[in-house]
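Student: Please take me through this entry. I have the sequence and the coordinates open.

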Amino acid sequence: MHDDRTLVEARLKRVLEERIRPAVYPESVPLTVSVWTAPGEPVPVAEGLAAPRSPIAVGDAWGAPWSTSWLTVAGTVPEAWAGRTVEALIDLGFDANMPGFQCEGLVYRPDGSPVKGLNPQNQWVRIAAPAVGGEPVLLHVEAAANPVILDYHPFLPTELGDKETAGDKPQYRLARMDLAVFDETVWQLVLDLEVLGELMAELPADGARRWELLRAVERALDAIDLQDVNGTAAAARSCLVEVLAAPAAPSAHRIGAIGHAHIDSAWLWPLRETVRKVARTAANMTALLEDEPDFLYTMSQAQQFAWIKEHRPEVYARVKKAVADGRFVPAGGMWVESDTNMPSSEAMARQFVHGKRFFLAEFGIENEEAWLPDTFGFTGGLPQIIRNAGSKWLLTQKISWSQINKFPHHTFLWEGIDGTRIFTHFPPVDTYNCSMKGSEIAHAARNFKDKGVARHSLAPTGWGDGGGGTTREMVGKAARLRDLEGSATVRWQRPAEFFAEAEAEYPKPPVWVGELYLELHRATLTSQARTKQGNRRSENLLREAELWCATAALRTGLAYPYERLDRIWKTVLLHQFHDILPGSSIAWVHREAEATYAGLAAELEELIGAAQRALAGDPAGGRELVFNGAPHGRSAVPAGGAAVAVAGPGDCAVTAREGGGFVLDNGLLRVVVDGDGLVVSAVDAASGREAVAPGTRANLLQLHPDFPNMWDAWDVDQFYRNTVTDLVAADEVAVHAEGPAEVAVRVARSFGSSTVTQTLTLRAGSGRLDIDTEVDWHEAEKFLKLAFPLDVHTERYAAETQFGHQFRPTHTNTSWDAAKFEACNHRFVHLAEPGWGVALVTPSTYGHDVTRAVRGEDGGTTTTVRFSLLRAPRFPDPRTDQGRHRFRHALVPGAEIGDAVREGYAVGLPERRVTGSAEAVRPLVELDQDALVVSAVKLADDGSGDLVVRVYESGGGRARGRLATSFALAAAVPCDLLERPWDGTRGEVVVDGDGVRLALRPFELVTLRLTPAR
Ligand SMILES: [Zn+2]
């Protein structure tokens, strides 16, 4: 037989497009439309409904950027349509190719009750089925003119990303506004033909099934009278019944589909718009659940539920009912889908605490899966946190975005730094916006790496980000794919059911050890430095606030600020969302974030101050007490306590260096700064070893061009390193401080349109060279690095992550090693030869790179660590990071890993001085083993007055120690992160008088609930 496939396939395409799809709505009449535009920010629903309208017509422009227009559409069902299905078609001016990312609407009835959302792929509103002739139609639409930021030519700088710069040019034109007859038979025929046509294209050309589909499609097309599609659609459908009924092969891949809309909590829109995006999508999805009995939907991010609850209670009532029916499924158990690289140990833990607690309180549901489809990489610390939160599974899709290496598994056990293993699934459909296209379903089946031993995968299905979620068309296609020859099977499935089934069928999955590094978006560790510093400052202040408020509560009876801390934590957690903390949102989001962080800092300082004043007692006492919020004692002040300040003698000296520059010495560390203000030597007195690589200079600022191929705020591409300018010319190198307690050298430089001032400080009794860098940054598309070439020969280095550290190679042997050319640390990077090492610590620089070089003198190697200070991408915020910044870093020669941990905490948690009458403040808890580190001291969230203390092993070894309480201890119980008694702690926890003996394995964390004797 002759091969006529292309002919029939082209015929199907044209007839579908030009004749069949238009026949879904065979008759229509125009609606009359009127409008009111809110003068500024969105108004409450009642106000929008009541506002006076003026006329507007199809074709008219509307919608200044970020404005809200309230449209009223009115009409009458024609008498001739009695008994038929009637829908309103409301096209706000959508581009159907861009679901999400543009204008959207929420439809209300005159009484203010929500109907459904309007989105580019979802423009219909059911009026009646069957309709009554002469029935009046009156609907209101809250239409948001969100401008398109990510356009067809993506990543072009735009001023539309902030209402302060966006101007007032209308962004859209009203398109179709009709009342129309909906022909369900034609609509079903469209789906039949789409499913079969798309499946056909995926089947091998030499297989019989492909030809059977082709001939059936041809018969259906023959059966259609192109002048009377509505009259012949049923006949065409009957030609397809047989091929649609043929069952899937027994070995077919099995897809659990779950309705979903991945809604970024802020990104190319401000937080306030996400509140409405979520409400529109939830309105759509609760309506679809009512229409489609097999359909199931999942929504993640407790914050988004909380927003609906607060701002759209009518929608929330529908959500609550659908959750109770088991069909609207809360997923993930986190407050938001956060970044996981940068949040601190405690913040990562609290994401789960607040997320899970919300779902438990609101719905009585405890999630056991972590749901992070879009997060930019996953730390080795995360598995233990997931397990300690009472969860056991992880879903993400993002690693499929990696530029270089293809991940070898889709279902596997992921092992964290402490050994915890989490059953993990990467949907092989490679998208979290599956739309049930044949190409997607076939890709999932072909792409699945675990064929032969596993058969199930998950497909999150629906348009995200204001695209409206799952459509009725997707549901219709899924029904046809349930059991169809030639295709993977599809059925709606809750995430937990999917995981249980996938785990049961795969008893010995492969194991992946260590972080899940995303080989993309590496610059999110650096972009929007002020947002990152705001986050880290908030995390540190929260640690102190909880510690001192708990101490004051137990010691002085001061009321513990449960509600304020709860609210502040939730705000910090929200801003760890995977487009806020990573710096990839529009200017508006980052401008607001800075202001929010400033407000939180003021509030937390107030809480800390009040607690410390209560502990210090009457200021008339005149004693200056030093409070130490760090987990290690310093200058005779115990960790978590306070002592009267004692000024040490101090033996710091600064002398001029021959040939220019200065020598700083405090007996522990001798640092030589040359005439260019660069560090040419740093010798640790205890070992006599030089930290700086021979022939090199440390504290070197380096400037690279930085114009990635795409995703400007997100990406730095490897070629940035090909060109570099060393910023060696100094405007000034001068002594800044020369007391016995502290010596410092100040270095000023200028480059491009920017200036930088650095202060290098050595303090008495400290083996740390502190480097304070102030930059006034006015560059575009540049990358600023701070380099430390170190005389250390090593194949790997340690970078701090949550509850421990992870190792990465210093070489590029394999493509996997080479891909990690920019990586994350929390507070330190540590590298060592046996017996001697160097730490670089920082309170808030996350991005860094580590490379090796030949050691000039003897052919060995040296290691260079570079911190990533600033970038200047121009999309999505055209002025990213412009202006003043302050960074702190420190070089610690001779540091063991324990020193790195200690100094890392110390630089972010400075001592505080308060005048009072107390002689000292004894810490609530004290540990006698340095490797055991307290990550939180707080009162239990349940208000019982119990003390909650979280401890982890920080060195990567086994550690025994005793946690002594300074109060009479009635009971001590190991808990999970939600502060519930938990027997999952495998380490030894034994109550021993007023204390607890602990024996923890490497990086193990344990949460203790300590009940004081009353
Ligand atoms: Zn996202």
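**Working through the model**

Student: Where does His409 lie?

Tutor: His409 lies in the loop between strand E17 (393-395) and strand E18 (411-415). Helices (H or I, at least four residues) and strands (E, at least two) are DSSP runs, numbered from the N terminus. This is a predicted model, in which local features need pLDDT of at least 70 and side-chain atom pairs count only at pLDDT 80 or more, while totals for chains, interfaces and linings use all residues. Residues are numbered from 1 along each chain as its sequence is written, and side-chain values use heavy atoms, with hydrogens and water left out.

Student: Is His409 buried or exposed?

Tutor: His409 counts as buried, at 14% relative accessibility. Buried means under 20% relative accessible area, exposed over 50%, and partly exposed in between (1.4 Å probe, protein chains only).

Student: And which residues does His409 touch?

Tutor: Not counting residues up to four places away in sequence, His409 touches Phe426, Lys449, Asp450 and Pro510. Contact means heavy atoms within 4.5 Å.

Student: On to the metal. What coordinates the zinc ion?

Tutor: The ligands are His262 and His578, each through NE2, and Asp264 and Asp374, each through OD, at 1.9 to 2.1 Å. Donors are N, O and S atoms within 2.8 Å of the metal (3.2 Å for Na, K and Ca); water is not among the atoms, so sites may look incomplete.

Student: What is the geometry of the zinc ion's site?

Tutor: The site is irregular, with angles of 88 to 156 degrees among the 4 donor atoms. Four donors count as tetrahedral if all angles lie between 85 and 135 degrees; four count as square planar and six as octahedral if opposite donors are over 155 degrees apart and all others between 65 and 115; anything else is irregular.

Student: How are the donors of the zinc ion spaced along the chain?

Tutor: The spacing is H-x1-D-x109-D-x203-H. Asp374 lies in the loop between strand E16 (369-371) and helix H11 (382-388), and His578 in the loop between helix H16 (562-574) and helix H17 (587-616), so this pair ties together parts that are 204 residues apart in sequence. Asp374 is buried, with a relative accessible area of 4%, and His578 is buried at 0%.

Student: New topic: helices. At what angle do H7 and H8 pack?

Tutor: Helix H7 (residues 271-291) and helix H8 (residues 302-311) pack at about 85 degrees, with their axes 9 Å apart. Axes are lines fitted to C-alpha atoms, for helices over the stretch in contact, and angles run from 0 to 180 degrees between N-to-C directions. H7 and H8 are therefore roughly perpendicular to each other. Angles under 35 degrees count as roughly parallel, over 145 as roughly antiparallel, 65 to 115 as roughly perpendicular and the rest as oblique.

Student: Which residues of H7 and H8 meet?

Tutor: From H7, Leu271, Thr274, Val275, Val278 and Ala282 meet Gln304, Trp307, Ile308 and His311 of H8. This contact of H7 with H8 has 6 nonpolar, 3 polar and no charged residues. Ala, Val, Leu, Ile, Met, Phe, Trp, Tyr, Cys and Pro count as nonpolar, Asp, Glu, Lys and Arg as charged, and the others, Gly among them, as polar.

Student: How does H8 pack against H10?

Tutor: H8 and H10 pack at about 45 degrees, with their axes 9 Å apart. That angle makes H8 oblique to H10. Ala302, Phe305, Ala306 and Lys309 of H8 make the contact with Gly355, Phe358, Phe359, Glu362 and Phe363 of H10. The residues of this contact divide into 6 nonpolar, 1 polar and 2 charged.

Student: How many residues of H8 are buried, and what covers them?

Tutor: In H8, 7 of the 10 residues are buried, so the helix is largely enclosed by the rest of the structure. The cover includes H7, strand E14 (297-300), helix H9 (313-324), strand E15 (328-331), helix H10 (345-363) and H16.

Student: Back to the backbone. Where is a cis peptide bond?

Tutor: One joins Ala129 and Pro130, with omega about 0 degrees. Pro130 is in the loop between strand E9 (124-128) and strand E10 (136-144). A cis peptide bond also joins Phe875 and Pro876, with omega about 0 degrees.

Student: What is phi of His521?

Tutor: Phi of His521 is near 55 degrees, a positive value in a residue other than glycine. His521 is buried, at 3% relative accessibility.
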